[in-house]
Amino acid sequence: MTTDKPIRVGVVGLRRGEGFARGAGPHLGMQLVALCDIWEERLLPLGKALNVATYTDYDRFLERDIDAVILANYFHQHAPLAIKALAAGKHVMSETSACFTLKQGVELIEAVEKSDRIYMFAENYPYMVFNQEMRRLYQAGVVGEFRYGEGEYVHPMAAEEANRLAPGVNHWRNWLPATYYNTHSLAPVMYITDTWPVRVNGFVIARDWQDEQYNRTAKRNDQASVIMVRMDNGAMVKLLQVGLRGHGVWVRIHGNRGLMENLRWGNTAMLRVRREPFDKEPGEPVEQIYTPEFPVHHQEATRAGHGGGDFFMDYHFAEAIRRHEPPYLDVYRGVAMSIVGILAYRSALDGSNTVVVPDFRDKAVRAQYANDDWSPDPTTHRDGDPWPSVLGPLEPTTEGLAYAREVWREMGYKGE
Ligand SMILES: NC(=O)c1ccc[n+]([C@@H]2O[C@H](COP(=O)([O-])OP(=O)(O)OC[C@H]3O[C@@H](n4cnc5c(N)ncnc54)[C@H](O)[C@@H]3O)[C@@H](O)[C@H]2O)c1
């Protein structure tokens with residue numbers, strides 16, 4: 001793919017990050033040189049397996065001869081680590097969420113503007129094959145102008161898996177408000193249609209004390225959320241996310257000349273495109289249902305995680321660094337997607353009233369949010385901060401906490 005010097009990569013956070021570490025190879029002109037994780041039992045075996053340097057201290061890791069840092073640490077701690085890496089002269093690719101408060105969003109954007117390094121938001125869902133195909137069709141005008149869309153990321157878990165993924169009473173997965181994990185549902189819609197969110201209304205489906213799986217976890221957050229988003233072209237979008245029964249990832253785009261969506265059953269990577277008899281050309285079918293291909297690197301992408309989306313994260317990051325041009329998922333889009341989840345929670349706690357999504361591309365607008373550090377993190381709770389649940393400060397059930405601790409012990413987690 002390239003004859004240039006390889007991009008030397010370091011990865012932080014080695015659960016999700018392991019995939020990035022394994023994917024950052026010579027086929028993309030990348031070379032993995034270092035790993036960082038505060039959890040040594042996770043860090044050391046992977047460092048050995050991949051034969052690279054290991055660090056438990058992020059500052060020491062940044063002192064290394066790394067060109068690019070991939071951040072897959074905790075959900076709510078990406079922005080400060082990204083800002084540090086940029087200041088140390090590294091390119092950054094950051095997992096979701098880009099920022100955990102509006103203040104962090106402002107700081108992150110300003111750090112990227114000040115630096116000459118690349119920042120990419122690692123939202124992989126737009127790069128699933130059906131979303132890339134919908135973007136191609138949309139850009140070709142097949143369904144006309146975007147008017148209404150839906151994005152769904154529904155991911156129920158059995159208690160055992162939920163506990164394994166959330167080691168520690170204060171692990172973010174045990175308290176993240178139900179609107180915050182919204183970028184998997186929003187990002188594909190923004191990517192396909194090139195629209196931006198301008199207003200949100202958030203609705204939370206509160207903690208269900210009859211949910212037998214939730215009751216066997218240490219969770220003190222809510223089940224799920226619906227977010228209604230008005231986009232900058234007037235289109236409406238409905239987002240549905242997280243812990244309901246009925247696992248699925250689904251995107252639907254209504255244009256004023258047609259509809260497209262991935263299938264909800266069977267092969268969900270297949271696409272359905274419908275144009276009414278009065279909109280289509282003579283001889284064209286009203287409905288087409290087919291299996292799309294990735295526009296580039298079909299073979300490699302097909303082997304990668306998250307429906308191929310993971311391959312395109314390392315790929316576009318490397319391309320952006322080499323061209324020295326911001327990727328599509330730049331800091332402005334990353335922050336815009338992330339703050340929709342924050343603002344939707346603000347809306348949900350205020351009777352689901354409409355909340356404006358500020359356009360942080362505008363310096364004067366973002367200056368108004370420079371001190372907005374409203375945060376649902378229960379470990380830093382202050383007067384005026386929200387609790388992780390719309391029901392207030394919840395406690396996990398005794399049974400849930402006991403079972404969670406059993407799972408954490410088995411997996412070698414030594415914290416609280
Ligand atoms: N895009 C996707 O499809 C996808 C899938 C899974 C997870 N994620 C994202 O990846 C991130 C990590 O989630 P996860 O599932 O891997 O679980 P996780 O949050 O439990 O893992 C984070 C890892 O980072 C380490 N870590 C935390 N703080 C650190 C620090 N300061 N320095 C070094 N290491 C540190 C932890 O020890 C842990 O191993 C989250 O932001 C999550 O949203 C994205």
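Colleague: Hi! Which residues come nearest to the ligand?
Modeller: Of the 20 residues around the ligand, the nearest are Gly13, Arg15, Arg16, Trp39 and Phe75. A residue is near a molecule if its C-beta atom, placed from the backbone, lies within 6 Å of it.

Colleague: Before we go on, what kind of model is this?
Modeller: This is a predicted model, where local features need pLDDT of at least 70 and side-chain atom pairs count only at pLDDT 80 or more, while totals for chains, interfaces and linings use all residues. Residues are numbered from 1 along each chain as its sequence is written.

Colleague: Thanks. Back to the ligand: how do the residues of the shell divide?
Modeller: The shell around the ligand has 9 nonpolar, 6 polar and 5 charged residues. Ala, Val, Leu, Ile, Met, Phe, Trp, Tyr, Cys and Pro count as nonpolar, Asp, Glu, Lys and Arg as charged, and the others, Gly among them, as polar.

Colleague: New topic. How many helices and strands does the chain have?
Modeller: There are 13 helices and 15 strands in the chain. They are DSSP runs, helices being H or I with at least four residues and strands E with at least two, numbered from the N terminus.

Colleague: And what is the radius of gyration?
Modeller: For the chain it is 21 Å, close to the 22 Å that the globule rule gives for 416 residues, so the chain is as compact as a globular protein of that length. The radius is taken over C-alpha atoms, and the rule is 2.2 Å times the number of residues to the power 0.38.

Colleague: Helix packing next. At what angle do α5 and α11 pack?
Modeller: α5 (residues 102–114) and α11 (residues 331–348) pack at about 180°, with their axes 10 Å apart. That makes α5 roughly antiparallel to α11. Axes are lines fitted to C-alpha atoms, for helices over the stretch in contact, and angles run from 0 to 180 degrees between N-to-C directions. Angles under 35 degrees count as roughly parallel, over 145 as roughly antiparallel, 65 to 115 as roughly perpendicular and the rest as oblique.

Colleague: Which residues meet there?
Modeller: From α5, Leu102, Gly105, Leu108, Ile109 and Val112 meet Val331, Tyr332, Val335, Ser338, Ile339 and Ile342 of α11. Contact here has C-beta atoms, placed from the backbone, within 7 Å. The residues of this α5–α11 contact are 9 nonpolar, 2 polar and no charged.

Colleague: How about α8 and α11, what angle do they make?
Modeller: About 135°, with the axes of α8 and α11 9 Å apart. α8 and α11 are therefore oblique to each other. Thr183, Leu186, Ala187 and Met190 of α8 make the contact with Arg333, Met337, Ser338 and Val340 of α11.

Colleague: And what about α6 with α8?
Modeller: Helix α6 (residues 129–139) packs with α8 (residues 183–193) at about 30°, their axes being 8 Å apart. So α6 and α8 are roughly parallel to each other.

Colleague: Now the backbone. Where is the cis peptide bond?
Modeller: It runs from threonine 96 to serine 97, with omega near 5°. Serine 97 sits in the loop between β5 (91–94) and α5.

Colleague: What is phi of aspartate 194?
Modeller: Phi of aspartate 194 is near 60°, a positive value in a residue other than glycine. Aspartate 194 is in the loop between α8 and β8 (197–205). Most residues other than glycine have a negative phi, and most peptide bonds are trans.

Conventions:
Two residues are in contact if their C-beta atoms, placed from the backbone, lie within 7 Å.
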